[in-house]
Amino acid sequence: MSQTIKIASWNINSVRARIDIVQRFIQEELPDILCLQETKVVDQIFPDGMFRQLGYNHLILHGQPMHHGVAIISRIPIREDDRFDWQDNGEARHVGVQMENGIRLENVYVPAGGDIPDRMENPKFGQKLDFLERMIAWSGQLATPTILVGDFNIAPLECDVWSHKQLLNTVSHTPLECETLARLQHAHSWVDLGRKFVPAPERLYTWWSYRARDWAESDRGRRLDHMWASPAIADAAIAHRVAEPCRGWNKPSDHAPLITEFQF
């Protein structure tokens, strides 16, 4: 018997500050599983009440005070599978679960990497590259069908940013970052579901800066958020979209959610 599972991923930029729009999103979209990044809250005070009231009784949390933090919230059974310290400093940037069908779901928040694309001048950029190298090593050994979602903080293709030429030296779109992400994708032959459903060079953004006076009018977006699938299960994805209107809701995150439906 086949099963349809709707998975959403969203860098929420503080789940407590934006709990109202998270609730609205859940009520409008009814995802089976919601992966959040940048929750910015310790597990003990995560606002789980709203989720449980709406039937999301499976919460796997990996938080820390004020910064970072990831969570997987589900209305179908899941069990915690792993927590990798790809940052190598204890930051809460990953949590993974296994669904009842045996497929793994990994939720990751890759470091932004600071402003200067040079590891000597900016250690944060080096940490980002090293984080990705650890993910590459993990991907190369991966044998279980897996869905990898989250804020990768890299817009890999020329068409994944509003201006390739102007952003070439901007962290998130530098050639080195794009090449490193391509090696990560190659390490497991990951299928980029965003570009499977919206082929390049079609417009596909997930993030718009708060600095823009009118984010929609200027549309200076970047595709920083991604959903990838193991080759063995990529064809199970039957729909994918960016919930772009959420970027215009009251007190929004600067990221929009991704939604993928799978038929297993």
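**Spaces, rings and selected residues**

A search of the whole structure, which is a predicted model, finds one cavity of 30 Å³ or more. The largest pocket has a volume of about 920 Å³, while the largest cavity holds about 30 Å³ of space. Aromatic pairs number twelve, and ring pairs join seven named residues, from Phe-84 to Trp-228, into a cluster.

**The largest cavity**

- The lining of the largest cavity consists of Gly-194, Leu-204, Thr-206, Arg-223, Asp-225, His-226, Met-227, His-240, Val-242 and Leu-258.
- Strand 12 gives the largest share of this lining, three residues.
- Strand 12 and strand 13 (237-242) each supply at least two residues of the lining.
- Sorted by class, the lining of the largest cavity has four nonpolar, four polar and two charged residues.

**The largest pocket**

- The pocket lining is made up of seven nonpolar, 13 polar and ten charged residues.

**Aromatic rings**

- The count of aromatic pairs in the model comes to twelve.
- In one of them, the ring centres of Phe-152 and Trp-228 are 5.1 Å apart and the planes stand at 90 degrees; the angle is over 60 degrees, so this pair is edge-to-face.
- Phe-152 and Trp-228 link distant parts of the chain, being 76 residues apart.
- Phe-152 sits in the loop between strand 8 (146-151) and helix 4 (164-167), whereas Trp-228 belongs to strand 12 (residues 225-229).
- Phe-152 and Trp-228 are both buried.
- The rings of Tyr-205 and Trp-208 have centres 6.5 Å apart and planes at 75 degrees, so they too form an edge-to-face pair.
- Both Tyr-205 and Trp-208 are buried.
- The cluster linked by ring pairs contains Phe-84, Trp-86, Phe-131, Trp-138, Phe-152, Trp-190 and Trp-228.

**Phe-84**

- Phe-84 lies in the loop between strand 5 (78-82) and strand 6 (94-99).
- Setting aside neighbours within four places in sequence, Phe-84 is in contact with His-94, Arg-104 and Trp-138.
- Trp-138, one of these contacts, is also a member of the ring cluster that includes Phe-84.
- Between the C-alpha atoms of Phe-84 and Glu-106 there are 9.9 Å, and the two residues are 22 residues apart along the chain.

**Thr-180**

- Thr-180 is part of helix 5 (residues 175-188).
- With a relative accessible area of 3%, Thr-180 is buried, because buried means under 20%.
- A polar atom of the Thr-180 side chain lies 2.7 Å from the backbone oxygen of Leu-176.
- Not counting residues up to four places away in sequence, Thr-180 touches Leu-129, Leu-132, Glu-133 and Ile-136.

**Gly-140**

- Gly-140 is found in helix 3 (residues 123-140).
- Gly-140 has 45% relative accessibility and so counts as partly exposed.
- The C-alpha atom of Gly-140 is 4.9 Å from that of Ala-187, although the two residues are 47 residues apart along the chain.

Notes: Residues are numbered from 1 along each chain as its sequence is written. This is a predicted model: local features need pLDDT of at least 70, side-chain atom pairs count only at pLDDT 80 or more; totals for chains, interfaces and linings use all residues. Side-chain values use heavy atoms; hydrogens and water are left out. On a 1 Å grid over the protein atoms alone, a cavity is a set of points where a 1.4 Å probe fits but cannot get out, and a pocket is an open set with protein on both sides within 12 Å along at least five of seven lines; lining residues have an atom within 4 Å of a point. Grid points are joined across faces, edges and corners, and a volume is the space filled by probe spheres set on the points. Ala, Val, Leu, Ile, Met, Phe, Trp, Tyr, Cys and Pro count as nonpolar, Asp, Glu, Lys and Arg as charged, and the others, Gly among them, as polar. Helices (H or I, at least four residues) and strands (E, at least two) are DSSP runs, numbered from the N terminus. Buried means under 20% relative accessible area, exposed over 50%, partly exposed in between (1.4 Å probe, protein chains only). A polar contact is a pair of N or O atoms within 3.5 Å; within protein, one must be able to donate a hydrogen and the other to accept it, and residues adjacent in sequence count only if both atoms are side-chain atoms. Contact means heavy atoms within 4.5 Å. Rings of Phe, Tyr and Trp (its six-membered ring) pair if their centres lie within 6.5 Å; planes under 30 degrees apart count as stacked, over 60 as edge-to-face and the rest as tilted.
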